[in-house]
Amino acid sequence: MDCLKVLEIKKSKNRIDYQYECEGSWNNLLNLDERLFLEMEEDIENVPDSIAVIPLLVNILPIAWVYNLKIKVDAIDRNFFENLDKIKLGYINMYPQFSFLGKLEYDKIEDNKYDATNCGTLFSGGVDAYNTLLNHIDEKPELLTVWGADIKLDDVKGWERVKNNNQQASQKFNLKWFYVKSNFRTFIDINVLSKMVSSKIDGEWWHEFQHGIGILGLFAPLAFNHHYGNLYIASSMYKGMNIKYTCASDPTIDNNLKFACCNVFHDAFETNRQEKVKNICNYVKNNNIDDLKLRVCWQSSGGDNCSECEKCYRTILEILVLGYDPNKLGFAFSSEKRKVMMERLPKMDAVKENSYDFYRLAQNELLNNYSFDETPEDLKWLRDYKFKGKPNKFRKFLKKVKRKLKSILEKI
Ligand SMILES: [Zn+2]
């Protein structure tokens, strides 16, 4: 069995560098030009190797399992190790198309104990993250963000904006904010891994295998330093979804990640997106907050909402059906933009197909909150809008052909 052997976990002040040697297939699955590193804003030299190795392990264990490979480490945390089979089982149940084998060997197993006095929550500034933050606000969680997940390491400007937004959010709630910077998305060969995944399922490595425990585990050294008892990650899917999906960040996987005295919770899996938006709106109304900045946009670079993509439109709609002002939640939403949105939205495929149920939930909320006469004129289309439902295989196929043709035509 080809082995990846961890040779050294080099801790210098606020940085960890991982040295490892690879045999056989490992050489093709990792990008050996860059070794994994982590940077924080605090000294982590005192963190034991059995904890410091976790950021590496969470990002390579799924590779070892899928490709039947071995990992060898010197020391490992007992709580982490003893729950690994449950994490693996989460993957096994999610992806019956794959065999999950592989092996993790260690020389010594260590108990890492402390009085758990603190907690943290992953924070991106989006609807899911804000809902989870507000769910646990009484526990005074520390807000945690990764530089190197959706913001690339060379996007310094983008990161500065995200940093400012998240710092502002933490100050608003009188909480602390921390970040970890890491090349955890690029030290593996994402192209090779994704190609293999897409040959068996409709997806790619990051979304299907890496991004849940791969992000959470990056915070193990910090969680140890700060004596976390709980670490929260917001759910982006919800239990009652009308569509079958697979996603690496799932309660059956995330909730089994444990280390030292810290438990991970995949939060609000029972709560749908419209309910989350409602929780946030209720909170800001009740606490007279009028400048909370949601960050939902995939289109604009660097943290602001464009207020005109499908994700922005969807969130704005979810706010409007509650009778709240999107301008108070981070959207620049003029009456002109509103007019354009109401013309465009009913014709958009995402609305017509409504695959993830979001628009139907917004429709229900509108019907609950407004009679026909009370409904704002430009929202009346949503009252009796007929969703076409999930795209069928033929429509999916046509879309694929259309995309292919477009890309060929663009090349001519
Ligand atoms: Zn947008």
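Residues are numbered from 1 along each chain as its sequence is written. In this predicted model, local features need pLDDT of at least 70 and side-chain atom pairs count only at pLDDT 80 or more, while totals for chains, interfaces and linings use all residues.

Visitor: Which strands stand at the edges of the open sheet of 11 strands?
Guide: Strands here are DSSP runs of E with at least two residues, and helices are runs of H or I with at least four, both numbered from the N terminus. Two strands pair if DSSP finds at least two bridges between them, and with mixed pairing the order is β5-β4-β1-β2-β3-β8-β7-β6-β9-β11-β10. Because each has a single partner strand, one side is left without a neighbour in the sheet for β5 (103-110) and β10 (258-259).

Visitor: Which residue in β2 is the bridge partner of Val6?
Guide: Strand β1 (residues 3-12) runs antiparallel to strand β2 (residues 15-22), and eight bridges join the two. Within this pairing, Val6 is bridged to Tyr20.

Visitor: What angle does the direction of helix α7 make with that of β7?
Guide: Helix α7 (residues 156-172) packs on the sheet, where β7 (142-147) and β8 (177-182) are touched. Axes are lines fitted to C-alpha atoms, for helices over the stretch in contact, and angles run from 0 to 180 degrees between N-to-C directions. On that basis the angle is about 175°.

Visitor: Which elements give two or more residues to the side of domain 1 that touches domain 2?
Guide: The domain assignment, automatic or from a database, gives domain 1 (3-267) and domain 2 (273-383), with centres over C-alpha atoms separated by 32 Å. Counting contacts as C-beta atoms, placed from the backbone, within 7 Å, 16 residues of domain 1 meet 17 residues of domain 2. The elements on the domain 1 side are α6 and α7.

Visitor: How many residues of helix α14 are buried?
Guide: A residue is buried if 20 or more other C-beta atoms lie within 10 Å of its own, exposed if 12 or fewer, and partly exposed in between, with C-beta atoms placed from the backbone. The cover over the buried residues of α14 includes α6, α13 (273-286), α15 (335-344) and α17 (358-369). Of the 11 residues in α14 (residues 310-320), the number buried is nine.

Methods: Two residues are in contact if their C-beta atoms, placed from the backbone, lie within 7 Å.
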